[in-house]
Amino acid sequence: MSLRISVIGTGYLGAVHAVGMAELGYTVVGIDVDADKVAALARGEAPFYEPGLDELLAKHSGTGRLSFTTDFAAAADADVHFICVGTPQRRDSMAADLRYVEGAVDSLAPHLTTQCLVVGKSTVPVGTAAALADRLAKTAPVGAGAELAWNPEFLREGYAVEDTLHPDRLVFGVTSAEAERRLREVYARAIDDGTPVIVTDLPTAELVKVSANAFLATKISFINAMAEISEVAGADVTKLADAIGHDARIGRRFLNAGIGFGGGCLPKDIRAFMARAGELGASHSLAFLAEIDAINLRRRQRVVDIVRELAGGSVANRRVAVLGAAFKPHSDDVRDSPALNIAGQLHLQGARVSVYDPKATENARKIFPTLPYAESALDACRGAHVVLHLTEWQEFRDLDPVELARMVENPVVVDGRNCLDADAWRAAGWTYRGLGRP
Ligand SMILES: NC(=O)c1ccc[n+]([C@@H]2O[C@H](COP(=O)([O-])OP(=O)(O)OC[C@H]3O[C@@H](n4cnc5c(N)ncnc54)[C@H](O)[C@@H]3O)[C@@H](O)[C@H]2O)c1
Ligand SMILES: O=c1ccn([C@@H]2O[C@H](COP(=O)(O)OP(=O)(O)O[C@H]3O[C@H](CO)[C@@H](O)[C@H](O)[C@H]3O)[C@@H](O)[C@H]2O)c(=O)[nH]1
């Protein structure tokens with residue numbers, strides 16, 4: 001009989017994981033406390049934009065092997081339970097808010113009457129898994145028969161389906177050979193395809209995840225620090241990145257300077273990592289991450305300053321077209337989006353902002369309802385004094401600078417992602433400003 005899987009939390013991670021498990025042939029139930037999200041998924045509709053998710057949902061919705069519910073009792077007979085709920089930043093500190101993972105375990109535990117494996121995938125502070133294992137053993141009727149493992153997730157939004165089905169590595173934090181065997185069974189297809197597996201203890205598995213994100217954040221802030229230096233030295237950070245990136249020890253990926261990192265992961269994960277290090281008495285080890293965060297936030301400010309400078313000191317009543325609201329392309333996610341933050345700052349300073357994003361407008365409106373949103377890139381740019389390119393959707397790269405020049409008041413563009421064709425825009429009469437470039 002095929003494995004029975006439950007996935008607790010069906011957001012950006014959990015919905016894709018549930019569908020991915022169904023694609024592997026397992027019988028899957030996705031459980032979430034958000035009834036609207038569950039209803040959409042149960043109808044076969046993805047509750048957010050993620051390339052490839054709609055197609056896989058449609059493929060498995062009618063088979064009877066993939067269901068979604070708010071009822072935790074539906075998880076009772078699953079062999080493996082994946083915990084995929086959110087771990088956002090707490091409102092009152094930099095630490096991760098663990099109430100959702102604790103709540104998920106508390107709701108699941110009373111239904112665990114037979115031997116099973118509970119597998120954490122959420123990103124958590126080191127030490128969380130051991131505490132949850134205790135909590136589970138105390139509250140599940142099957143007691144120690146409900147074993148806990150940690151299997152951190154490394155998927156990227158925008159490539160989540162591909163990353164779920166073909167991960168570049170698997171990390172199994174386990175406390176028994178049986179848990180490892182079970183996880184190898186779940187991921188047999190990827191392992192057969194050659195995906196490397198690192199088997200380790202619970203704290204190492206938790207740390208792998210946050211250290212990977214800390215490294216990625218550091219790489220981005222490193223190149224953005226070089227952008228700051230390039231700006232004062234009259235150098236070009238994109239050429240610098242190409243040149244250092246040829247060194248295989250450095251590598252060109254994640255060296256794109258611009259308005260910095262956002263999203264539901266890197267910003268909150270480095271802060272939670274620092275907070276946890278402090279609790280462990282090791283603040284000094286991660287003190288550098290505070291600077292990584294600070295460099296990152298300065299890039300948003302830099303764009304606001306450039307617009308103010310271009311406007312002669314005040315942005316009041318200047319029409320600013322903002323191309324992009326998502327934290328990155330191929331996603332509708334606006335959590336901690338640098339683009340939306342910049343749009344919001346300019347709006348609050350009195351600029352007449354018009355924001356357009358191909359997929360994220362609806363989500364942007366939910367968290368920033370007072371911003372004006374446009375129906376298209378051309379609408380956003382009509383009559384603009386300055387155009388800001390803040391999320392590098394292909395649609396924006398494909399804009400014709402000649403046509404656009406005719407629609408704006410002033411042909412001035414700030415390329416917050418350094419990926420428009422600067423020569424083509426200049427040839428069309430635009431003043432082109434990149435970040436970290438002359
Ligand atoms: N989004 C990513 O790309 C990604 C990648 C790797 C790891 N992660 C980690 O995965 C976790 C989830 O992230 P996300 O982006 O999917 O968040 P999300 O906010 O999109 O989804 C979390 C879901 O959990 C649900 N939830 C909250 N409490 C619950 C409970 N007690 N029982 C059942 N459901 C509950 C919420 O309703 C929501 O649908 C986080 O720890 C995140 O750091 C995310
Ligand atoms: O050279 C670069 C690369 C990325 N970014 C920005 O960095 C942010 C994060 O990008 P990315 O890492 O691609 O997106 P996420 O989907 O948030 O994925 C990260 O966070 C996930 C959640 O933890 C992890 O699973 C992934 O491995 C990790 O890449 C975005 O705002 C990007 O615009 C840059 O500014 N410059």
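At what angle do helix 4 and helix 5 pack, and how far apart are their axes? Before the answer, a word on the model: it is predicted, so local features need pLDDT of at least 70 and side-chain atom pairs count only at pLDDT 80 or more, while totals for chains, interfaces and linings use all residues. Residues are numbered from 1 along each chain as its sequence is written, and chains are lettered from A and ligands numbered from 1 in the order in which they are written.

Helix 4 (residues 99-108) packs against helix 5 at about 25°, with the axes 10 Å apart. Axes here are lines fitted to C-alpha atoms over the stretch in contact, with angles from 0 to 180 degrees between N-to-C directions. Because angles under 35 degrees count as roughly parallel, helix 4 is roughly parallel to helix 5.

Now let's visit a site from the record. An unreviewed UniProt entry lists Asp-32, Lys-37, Thr-87, Thr-123, Glu-157, Lys-268 and Arg-335 under "binding site"; such annotations may be inferred rather than shown by experiment. They span 304 residues of sequence and lie up to 23.3 Å apart between C-alpha atoms.

Thr-123 sits in the loop between strand 5 (116-120) and helix 5 (128-139); helices are DSSP runs of H or I, at least four residues, and strands runs of E, at least two. Thr-123 is buried, as 25 other C-beta atoms lie within 10 Å (buried means 20 or more). Its contacts, with C-beta atoms within 7 Å, include Thr-87 and Asp-269.

Arg-335, in the loop between strand 9 (319-323) and helix 13 (338-348), also counts as buried, with 20 C-beta neighbours inside 10 Å.

Technical notes:
A residue is buried if 20 or more other C-beta atoms lie within 10 Å of its own, exposed if 12 or fewer, and partly exposed in between; C-beta atoms are placed from the backbone. Two residues are in contact if their C-beta atoms, placed from the backbone, lie within 7 Å. Angles under 35 degrees count as roughly parallel, over 145 as roughly antiparallel, 65 to 115 as roughly perpendicular and the rest as oblique. Lists of a residue's contacts leave out its neighbours within four places in sequence.
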